[in-house]
Amino acid sequence: MSEIRWDVAEVLDYDYTYRYIPPSSGSAGNTNNLFSIKVRTATGFYNNEVFDVRPSNINLKQIPLVGEFVLIYKTFNEYTSKSRRREGWYYVTTIDVHSNINENLLPGITGNLTDTEIANIKPGKTFKSKAVSPLQPYEGDFLLEGRHGNSIRFGSSINTTYPEKYYHAGPTWFSPVSDNDGDPIIILSNGRNNLTNKEFVIENIEQDASSLYLTSTQKISISLGDTNNKNPLSCYLPAETQFDKSQFIGIADRVILKAKTDIAIIDSPKAIILNTTGEIKLGSDTADQSMVHGDVLLHVLQKILNQLNTTIQCGTMSGTFLNRSNIDSAQRDLQNLLSQKYYINKT
């Protein structure tokens, strides 16, 4: 059995990489060659010929750009059997030649091209290069960073007494006591303010385009309400910035939660708060019937009942209702008008 051969190759083109070609009579389509790319080795192997390489892990798709370099190796392919060995090439990962999150292009190195030809090489048909800052890592972190400023951090609480200048930037999440150092946090972040010269950045729940935070003991600096009209918690403490138990926090310009075929449930043993400085509409966004303020309604009905209980004067005659049972019943029922569980703001 021959040894596995390793090499480095330049990505030159795509051949149905982003398309599905089904099998048909006389053609296998591309079902046995999914997500393959065309490359040429940097060592001159194959006499500088162009050949196809497949992803080493089809479950984790990180398709390189044209002009990037990939680490490749040669081993078994689908035609290998117990009695014979057939081989194919596979790519493992993009080589980080520029330490660039967005792209690591170094086109034209493996071919005999002019400077003009190299300058005209595009990284793809639709890809657009942009400046994207890398995330600040901390010891023990596992970071997944996309090319476009989106990421997942599997991180933890960080000791705030780390040596000066050990980290370029400190985290935006905090733990109240040092005993919580190392407690887990997961941050899914999409769309950040990128800096120049590949300067490290940190997720910011208020400034990133959209975020999802799964915390354990961390405090998150988040403000309720909008920039000009804050609406923080005041009755259920600790406040939103001081809570140090597990939280599920999602934030974006618009949030939609939808149940496809069954009910939507928000469950809490303590309270459910619909916190807004704007309107609350039930049923649809065209709802135009005002809700009743319970305390106001109680006072109005109480005044009506009190009036009905007074003596009626008609000329020189006076009296009351002969049958007061409904008035008395309404008076008793009135005591149960106000809920001890559901409340709304009086506006």
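Trainee: Let's start with Glu103: in which loop is Glu103 found?

Mentor: Glu103 is found in the loop between strand β5 (87-94) and helix α1 (115-119). Keep in mind that this is a predicted model.

Trainee: How do you know that Glu103 has no salt bridge?

Mentor: Set the distance against the cut-off. The nearest side chain of opposite charge is Arg147, 6.7 Å away. A salt bridge needs a side-chain nitrogen of Lys or Arg within 4 Å of a carboxyl oxygen of Asp or Glu, so Glu103 is left without one, although it is buried.

Trainee: What does the side chain of Glu103 reach?

Mentor: The side chain of Glu103 reaches the backbone nitrogen of Leu105 at 3.0 Å. A polar contact is a pair of N or O atoms within 3.5 Å, so 3.0 Å falls inside that limit.

Trainee: And which residues is Glu103 in contact with, leaving aside its neighbours within four places in sequence?

Mentor: Those are Leu65, Glu68, Phe127, Ser129 and Arg147. Arg147 is thus in contact with Glu103, yet no salt bridge joins Glu103 to it.

Trainee: How many salt bridges does a search of the whole structure find?

Mentor: The search finds 9 salt bridges. One of them pairs Asp7 with Arg5, and the closest N and O atoms are 3.8 Å apart. The limit is 4 Å, so the pair qualifies.

Trainee: What makes Lys38 and Asp52 a salt bridge?

Mentor: Their side chains meet at 3.1 Å, N to O, and the cut-off is 4 Å, so the pair counts. Lys38 lies in strand β2 (residues 37-41) and Asp52 in strand β3 (residues 51-55), so the pair ties together parts that are 14 residues apart in sequence. At 23% for Lys38 and 30% for Asp52, both partners are partly exposed. Lys38 and Asp52 are also linked with Asp15 in a network of salt bridges.

Trainee: How do the side chains of Lys74 and Glu87 meet?

Mentor: They meet in a salt bridge of 3.7 Å, N to O. This pair links distant parts of the chain, with Lys74 in strand β4 (residues 69-76) and Glu87 in strand β5, 13 residues apart.

Trainee: Finally, why do strands β6 and β7 count as a pair?

Mentor: Pairing takes at least two bridges; β6 (residues 142-145) and β7 (residues 150-156) have 4 bridges in the antiparallel sense, so they pair. Leu144 stands opposite Ile152 in β7. The two strands form a hairpin with 4 residues between them, and Gly149 in the turn has a positive phi of about 90°.

Methods. Residues numbered from 1 in each chain as written. Predicted model: local features only at pLDDT ≥ 70, side-chain atom pairs only at ≥ 80, totals over all residues. Heavy atoms only, no water. Buried < 20%, exposed > 50% of the residue type's maximum accessible area, 1.4 Å probe, protein only. Lys, Arg positive; Asp, Glu negative; His and termini not counted. Polar contact = N/O pair within 3.5 Å; in protein donor to acceptor, adjacent residues only side chain to side chain. Contact = heavy atoms within 4.5 Å.
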